[in-house]
Amino acid sequence: MRSSILAAGIAALYAVTASATALTYKLQPNEKSCFYTQVTQRGAKVAFYFAVQSGGSFDVDYSVVGPSARIIMEGSKERQGDFVFTANDVGEYRFCFNNEMSTFADKTVDFEIAVENESRAQIPSKQGSSPEQTSVLEESIIKLSSQLSTIHRNQKYFRTRENRNFSTVRSTERRIFNFSIIESLMMVAMAGLQVFIVRFFFQGARKGYV
Amino acid sequence: MARISRGSSSTLVALLLAALVLPTNALYFYMHGGQPKCFFEELPKDTLVVGHYSVEQYSAQTRAFAPDHTVGLTITVDETFDNDHRIVSQKGDAIGRFTFSAADSGEHKICFQPTNWVAHNGWLVGGEEVGGIRLTLDLAIGETSQIESTDKGKILDIVGKVKDLNGRLQDIKREQVFQREREAEFRDQSEATNAKIVRFTLVQLVVLGVTCAWQLSHLRSFFIKQKLT
């Protein structure tokens with residue numbers, strides 16, 4: 001009796017496997033970097049999210065290539081992307097980011113790759129609770145879980161935008177400093193030039209004729 | 001009954017052990033030339049990070065990647081916001097795990113460098129990488145990493161699921177605290193920029209006034225010298 005429950009529990013371990021890895025990688029200028037994952041089950045859903053956190057104009061080239069070099073999706077100069085696709089082939093999937101467009105700016109890309117396999121077996125509930133009760137509870141837990149995922153996504157979006165705002169303000173500060181210095185120098189140079197020209201008009205043989 | 005349960009219990013144990021090993025769906029990437037591969041993660045304070053990794057080396061005989069127990073991995077974590085202060089430096093085997101907790105909010109640099117590996121250079125053959133080192137990494141960030149590190153399998157009943165939801169809520173709360181701190185920094189930066197504008201405008205006005213005064217006095221003395229005024 002106990003071993004059958006244990007067996008069902010262990011079977012449940014293999015039934016629902018969703019693995020998600022979220023990493024932030026800094027791409028050097030002219031660098032191409034790829035990350036791979038194995039899909040073991042035909043029809044598994046693969047979720048791919050990326051957002052450029054900092055660098056240049058906050059865009060990057062990306063491509064998703066499936067087994068046997070089949071291009072699933074690619075884009076160039078994208079700021080962020082959130083895709084879910086069904087993996088029809090079993091094998092190695094390659095997610096590549098390309099910073100060859102940039103000669104001196106390095107880009108920080110925050111990406112998340114999640115592979116979700118379909119569940120085959122039902123997870124056995126605790127003994128002594130009616131099936132309707134547990135299914136209602138399960139439903140509300142699933143709803144809560146998806147709402148929490150939405151909140152988490154929103155937080156990532158705000159973090160990305162906040163990074164961009166920070167970068168804009170810092171660049172504004174630098175520009176103010178540079179422009180002020182240039183303007184002061186130009187003012188002094190123009191004043192000197194004006195004085196020189198006026199002196200030239202009134203000097204030498206032209207005295208009294210202007 | 002007893003014979004059946006003994007046979008099945010050993011297979012159950014084997015299955016359980018297999019489930020605890022790195023799941024095959026985790027992310028992996030290839031490393032060449034002994035260069036470290038670094039990831040920059042912005043972590044709120046007190047965030048627990050647990051990573052499971054496995055290093056595989058390409059062997060020319062079998063033409064495949066296989067775990068090689070002579071190869072190791074050095075994991076280093078630096079706090080880039082605090083002068084690159086190193087908080088973790090760990091040398092591990094080919095398969096292992098590491099864990100650390102972020103003491104302060106900010107950007108942490110997590111670097112992986114293989115040690116003791118044979119220098120075959122990697123290259124692409126028909127779209128597939130050949131040679132070099134393959135590192136499979138499963139990084140769990142946040143409160144859920146606690147549950148994942150102890151029970152690498154899946155959540156079996158409602159109590160476990162609710163605990164998982166609680167953990168994720170704590171993650172969200174910590175991220176919000178972190179976001180508040182960053183917004184305060186951003187506000188400071190904006191105010192500093194605003195003050196700089198005022199300062200540089202005044203500086204420019206002063207330069208303009210001084211230049212004007214110099215021009216007029218110079219021209220006046222010049223005209224007096226030339227006997228035109």
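Reply: Happy to. Let's begin with the disulfide that joins A:C34 to A:C96, with 2.0 Å from S to S. Keep in mind as we go that this is a predicted model. A disulfide is a covalent bond between the sulfur atoms of two cysteines.

Where do A:C34 and A:C96 lie in chain A? A:C34 belongs to strand β2 (residues 32-39) and A:C96 to strand β7 (residues 91-98), so the link ties together parts that are 62 residues apart in sequence. Looking along the bond itself, you find 105° about S-S, and the link of A:C34 and A:C96 is right-handed. Are these two cysteines buried or exposed? A:C34 is buried, and A:C96 is buried too.

The structure holds two disulfides over all chains, and chain B has one of them: B:C38 and B:C111, with their sulfur atoms 1.9 Å apart. The torsion about the S-S bond of B:C38 and B:C111 is about 100°, so this disulfide is right-handed. B:C38 sits in strand β2 (residues 37-43) of chain B and B:C111 in strand β8 (residues 106-115) of chain B, which means the pair ties together parts that are 73 residues apart in sequence. Both B:C38 and B:C111 are buried. For another cysteine of chain B, look at B:C212, which counts as partly exposed because its relative accessible area is 38%.

Now step back to chain A as a whole. Its secondary structure comes to two helices and eight strands, and from the N terminus on the elements run α-β-β-β-β-β-β-β-β-α. Chain A has 210 residues, of which 39% count as buried. Among contacts in chain A with a separation of 6 or more, 78% are between residues 24 or more positions apart.

In soluble globular proteins, nonpolar side chains tend to be buried together. Here the largest nonpolar core has 47 residues, and the members that touch the most other members are A:F97, A:F111 and B:F112. Strand β3 (residues 44-54) of chain A gives the largest share of this core, five residues. A second, separate core has seven residues, including A:C34, A:Y36, A:C96 and B:Y28. Both cysteines of our chain A disulfide are therefore members of that second core.

What does A:F97 touch? Leaving out residues up to four places away in sequence, its partners include A:L27, A:F35, A:F48, A:F50, A:V60, A:Y62, A:V109 and A:F111, and also A:E31, A:K32 and A:D61.

One of those partners, A:Y62, leads us to the aromatic rings. There are 28 aromatic pairs over all chains. A:Y62 and A:F83 make a stacked one, 5.7 Å centre to centre with 25° between the planes. A:Y62 is in strand β4 (residues 60-65) of chain A and A:F83 in strand β6 (residues 80-87) of chain A, so this pair ties together parts that are 21 residues apart in sequence. At 8% relative accessibility A:Y62 counts as buried, whereas A:F83 counts as partly exposed at 24%. In chain B, the rings of B:F222 and B:F223 have their centres 5.6 Å apart and their planes at 45°, so that pair is tilted. B:F222 is buried at 2% relative accessibility, and B:F223 is buried with a relative accessible area of 18%.

The charged end of A:R153 sits over the ring of A:Y49, 4.9 Å from its centre. Likewise, the charged end of A:R164 sits over the ring of A:F58, 5.5 Å from its centre.

Finally, follow helix α3 (residues 158-225) of chain B. Its 68 residues reach 99 Å from the first C-alpha to the last, close to the 100 Å expected at 1.5 Å a residue. B:Q179 counts as buried at 18% relative accessibility, and its contacts beyond four places in sequence are A:F158, A:R159 and A:E162. After α3 of chain B comes B:K227, whose phi is positive, near 60°.

Terms used
Residues numbered from 1 in each chain as written. Chains lettered and ligands numbered in written order. Predicted model: local features only at pLDDT ≥ 70, side-chain atom pairs only at ≥ 80, totals over all residues. Heavy atoms only, no water. Disulfide = S-S within 2.5 Å. Helix = DSSP H or I, 4+ residues; strand = E, 2+ residues; numbered from the N terminus. Buried < 20%, exposed > 50% of the residue type's maximum accessible area, 1.4 Å probe, protein only. Expected span 1.5 Å × (residues − 1). Core = buried A, V, L, I, M, F, W, Y, C linked by side-chain atoms within 4.5 Å. Contact = heavy atoms within 4.5 Å. Phe/Tyr/Trp six-rings, centres within 6.5 Å; stacked < 30°, edge-to-face > 60°. Lys NZ or Arg CZ within 6 Å of the ring centre and 35° of its normal.
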